[in-house]
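Here's a quick tour of one protein model. Take a look at the sequence and the 3D view, then read on.

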Amino acid sequence: MTAVTGLHQTHPAKIKMIICVRRRPELSRAEFQRYWLENHAPLASSVRARGLAPPMTGYVQNHSLDVPSVEAFRHQRGMNVEPYDGITEVWLDRIEDLDMGDTVSAELIAAQQMLVEDEIKFADLARSRVFMVKAHEIFKEPVTKESGPQEPGFKMIICVHRRPGMSREEFQRYWLEKHAPLASSVRAKGLAPPMRGYVQNHTIDAPLLEPFRIDRGMSLEPYDGITEVWMDRMEDMDVGSQLSAEFIAAQKMLIEDEARFVDFSRSSVFIVQPHRIF
């Protein structure tokens, strides 16, 4: 896991299960998010507390928000995939923790079936995606308040597909070894919106995830990665209209570099508010 010495690390775990979630068509986004947070989260927590789920070290619901200022980012890159209604993050210490073994109790089977039946009440599972990632922290700074270090309040999420003709390994290597230092240098020069953190989540092969996918009818291919950019305020995305030539040139350079490894037409960007369940 790539990390910078001295910066705050939210989770020691390196592996995450990511679920890009779309709501059922008859629900508004507010209705979907309310049920997800107030009904499903306590249910999932109770199943975990009873030992009827893989050993999870963290669970965060990221609720999508309507933020007009992100439209410029989307338009500049030609991102055509509509934002998801939310992103689930589940932390695991090891990918092997998904393996519940061959001898599964009737109680565990019933608990997992109960979760799937509840998910169907608010999520359009056929239009959602699930995959495993390994997190690479490029930088992450705490927000210090009187009560101690706090996490920033919002994230920009980018669901990324690689360019045709690239292998996933080539895509992820360029993203981490070439683009990450470039993005960090632009931030260091003050030529980007104020960011508190930047995490690259690289998709990894996870055959053990197949039962989860099959039970929910999730057939859509995974993304090749998920970018998380942390911000204190939604307004930080709005850089204003009076931009210096240096700022404009730096942003153009970033987009041109992204075009070397990202298929923008199959990628998506949106702002979320994280809700930590445990």
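How many aromatic pairs does a search of the whole structure find? The search turns up 11 of them, where rings of Phe, Tyr and Trp (its six-membered ring) pair if their centres lie within 6.5 Å. Keep in mind that this is a predicted model, where local features need pLDDT of at least 70 and side-chain atom pairs count only at pLDDT 80 or more, while totals for chains, interfaces and linings use all residues. Residues are numbered from 1 along each chain as its sequence is written, and side-chain values use heavy atoms, leaving out hydrogens and water.

**Ring pairs**

- Phe 32 and Trp 36 have ring centres 5.3 Å apart and planes at 35 degrees, so this pair is tilted (planes under 30 degrees apart count as stacked, over 60 as edge-to-face and the rest as tilted).
- These two sit 4 residues apart in helix H1 (residues 29–49), so about one helical turn separates Phe 32 from Trp 36; helices (H or I, at least four residues) and strands (E, at least two) are DSSP runs, numbered from the N terminus.
- Phe 32 is buried, at 0% relative accessible area, and Trp 36 is buried too, at 2% (buried means under 20%, exposed over 50%, partly exposed in between, with a 1.4 Å probe and protein chains only).
- Tyr 84 and Phe 270 are also tilted, because their ring centres lie 6.3 Å apart with planes at 55 degrees.
- That pair links distant parts of the chain: Tyr 84 is in the loop between helix H2 (70–77) and strand E3 (86–92), while Phe 270 is in strand E10 (residues 268–276), 186 residues apart.
- Ring pairs also join Phe 32, Tyr 35, Trp 36 and Phe 122 into a cluster.

**Charges over rings**

- The charged end of Arg 22 sits over the ring of Tyr 84, 3.8 Å from its centre (the rule: NZ of Lys or CZ of Arg within 6 Å of the ring centre and within 35 degrees of the ring normal).
- Arg 48 lies over the face of Phe 278, 3.9 Å from the ring centre.

**A buried Asp**

- Asp 224 is in the loop between helix H5 (210–216) and strand E9 (225–231).
- Asp 224 counts as buried because its relative accessible area is 3%.
- Not counting residues up to four places away in sequence, Asp 224 touches several residues, including Arg 162, Arg 168, Trp 175 and His 202 (contact means heavy atoms within 4.5 Å).
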